[in-house]
Amino acid sequence: MRGAKLLLDSLSHRGVDTIFGIPGGASLSIYEEMASTDLRHILGRHEGSTVFMADGFSRVARKPGVFLGTSGPGATNAVTGVATAYTDSSPVICITGQVATQSMGRDAFQEADSFNLMVPVTKWNFKLRHGGEIPSVIGKAFKIATTGRFGPVAIDVPSDLVSREVDPDSILPYSEVEPADTSDLSELPNAVSMIRGSSRPVILAGGGVRWSDSGAIVMKLAEKIGAPVVTTVMGKGGIPEDHPLALGTAGMHGRRSSQWALGESDLVIAVGTRFSDRTTGKTSGFLPKARVIHIDIDRAEIGKNIPGVVGLAGNSSDVLKAITDRVEYQADGRGDWVRQVSEIRTFCQCDFDLPGNPIKPQKLMSELSRLLPDDAILTTDVGQHQMFASHFFETRGKREFVTSGGLGTMGFGFPAAVGAKIAAPDRKVVSIVGDGGFQMSYSEFITAVENNVPVFTVIMNNQSLGMVRQFQKQFYGNKIYAADYQRSPDFAKFAEAMGGEGVMVERASEIGEALRRGLKSDVPFIADIRVDINEDILPMTPPWMGQEGTIYGRCKWRDLKIEEPHDISQR
Amino acid sequence: MILASDEEGTLQRTIFEFSRRNIPIGNLTYKRESDCVTMHIGVEKDEDVNRVLKHLNRIYGVTDVKVLENEEVGQKW
């Protein structure tokens, strides 16, 4: 059997039915074989955004999305996509062609050291040494990507190894890789005791809750012990935000209710979070009164950014179940805490359906929250719109929130939506993007058109790199430089030129109708929503400052002292 | 001291775990025997060991990580 066929058969054997890729000289044997298979191939326009598609697929399907690229620039272009997947623990399988083994090291055409380029941005990577390794390497790659903390795995495939026949006798048997069991629940009795002794517990749910699909057990524990649940940006969508104990996202642009709960808590149960700087801000002022139980599948995360924690290493679902089974129903005993949380939550459910023109981003988020189905998938790009969505969009029901939270990669949002829609074709997939980020990967719009992937793109268009502008305004002497675009495309016409549909919206009263059209469309659709360039995403706590440095803007909390919220119910 | 399988990449990943944490490597020895490799890495500051230890342990292919005292290093190197 030819190496290329062995490779594709090995992928099919792992359940792969879709490959996101761009062919090139070093991968043409694989494509030659693929032409006679049932595999669906999504032909991207740029390797970086094509990896984002595979990543979006992974995040929604909770299984590996596969990218196939060529050597040299095919691999170097893919690095940003793979790094994005790595930072957010997404199990992308990245396969890149390589020059033939006899040419390696001679600076051949389109030769790059893909293996070493991928080392820092993958959980593991392989360089094929002979064709007989193909099935075992593919098997190992899938196992490594999807066990323990998920992560991308890259495979470098020299062209001669897939173009040639593989001697059947040389095929290595695949021995199942069993990663060492790194779980450690030795502190479980201590953790249970801490929960029993706490009077103001809070659960902080991170991205690990989404990956392990442990939202239901998080809420079960929350209800049992009377704990509000706060999420990180990566944890958003892991729990239903319409639950009375859900307070929304914490962090730099998070909800003040969440910041308040973390500040008041005497015990934070952190689940599947790495305590990123965007969640903690200045760590010296973070969790001033709380002890911390840190649950994570990756032992290396426990104590990395927040020291002195009680660590429980293991799968979030398993650990939470073990805790939930051991703690008694305690919510009634914490009635005062639960009542206070409820008042704070109500106070923080502000009316952000801001009227008037130019359109306020909050108004757009209000309409999206109102009109998207309860099982919609919202992907975001990176910037102001991402933080507006994180703060204001409600992930109720089975809604999902897909975002580049760790690396913060602009250009991610739209291609990720394409991958998400391929993973979940029966659900509405909406991509909220800024005009800056969209222009980094909008060449993939035609990819969506030609593959009949009807994603709906909502551009929060302020004709600017809004977050850069906001930082310049707030922290760099209000010198707005290289942030505003002098020219901006007509994205509705762009959509039509690519074979999709689009509409430009300049008045708040037109948003609802535009969103309804986009949700009904059976072709890729763009709603180009022109928003107020001067509306910043606030509140905001700069990461180098504590809560005292928060800039509140319209937020009602500006009139309160955060340490004295007990009189909120009277306001 | 780091023991690992001989799959390509363990050396690069080990060095990377130091460099990404801005921990200078004072000395490094690498020895491959049959199907496993042994690395001895020395750092200048003792506190840097704790910063990198857990991250070395999670590299696929690494089978054991041991912290050796200076006297032990003298005996084993």
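Colleague: Which residues form a negative surface patch in chain B?

Modeller: Please bear in mind that this is a predicted model. Asp and Glu count as negative, and a patch takes in residues with no salt bridge. One member, B:Glu47, is found in helix H2 (residues 46-57) of chain B. The residues that form the negative surface patch are B:Asp46, B:Glu47, B:Glu69 and B:Glu71.

Colleague: How many salt bridges are there over all chains?

Modeller: A salt bridge requires a side-chain nitrogen of Lys or Arg within 4 Å of a carboxyl oxygen of Asp or Glu. By this rule, the count over all chains is 40 salt bridges.

Colleague: With which side chain does A:Glu32 meet in a salt bridge?

Modeller: The N to O distance of this salt bridge is 2.9 Å, and the partner of A:Glu32 is A:Arg2. The pair links distant parts of the chain, 30 residues apart, with A:Glu32 in helix H2 (residues 28-34) of chain A and its partner in the segment before helix H1 (3-13).

Colleague: Is A:Lys363, which meets A:Asp353 in a salt bridge, buried or exposed?

Modeller: The two side chains meet at 2.8 Å, N to O. A:Asp353 counts as partly exposed because its relative accessibility is 32%. With a relative accessible area of 11%, under the 20% limit, A:Lys363 is buried.

Colleague: Which helix holds both A:Asp55 and A:Arg59?

Modeller: A:Asp55 forms a salt bridge with A:Arg59, their closest N and O atoms being 2.8 Å apart. Both residues are buried. They are four residues apart, about one turn of the helix, and the helix is H3 (residues 47-61) of chain A.

Colleague: Why does A:Pro307 count as exposed?

Modeller: A:Pro307 lies in the loop between strand S11 (291-296) and strand S12 (310-313) of chain A. Its C-alpha atom is separated by 9.2 Å from that of A:Val292, 15 residues away along the chain. Exposed means over 50% relative accessible area. A:Pro307 therefore counts as exposed, its relative accessibility being 63%.

Conventions. Residues are numbered from 1 along each chain as its sequence is written. Chains are lettered from A and ligands numbered from 1 in the order in which they are written. This is a predicted model: local features need pLDDT of at least 70, side-chain atom pairs count only at pLDDT 80 or more; totals for chains, interfaces and linings use all residues. Side-chain values use heavy atoms; hydrogens and water are left out. Patches are made of residues with over 30% relative accessible area and no salt bridge: like charges are joined within 9 Å, nonpolar side chains (Val, Leu, Ile, Met, Phe, Trp, Tyr) within 5 Å. Accessible areas come from the Shrake-Rupley method with a 1.4 Å probe; for residues, only the protein chains shown count as cover. The place of a charge is taken as NZ of Lys, CZ of Arg, CG of Asp or CD of Glu. Helices (H or I, at least four residues) and strands (E, at least two) are DSSP runs, numbered from the N terminus. Buried means under 20% relative accessible area, exposed over 50%, partly exposed in between (1.4 Å probe, protein chains only).
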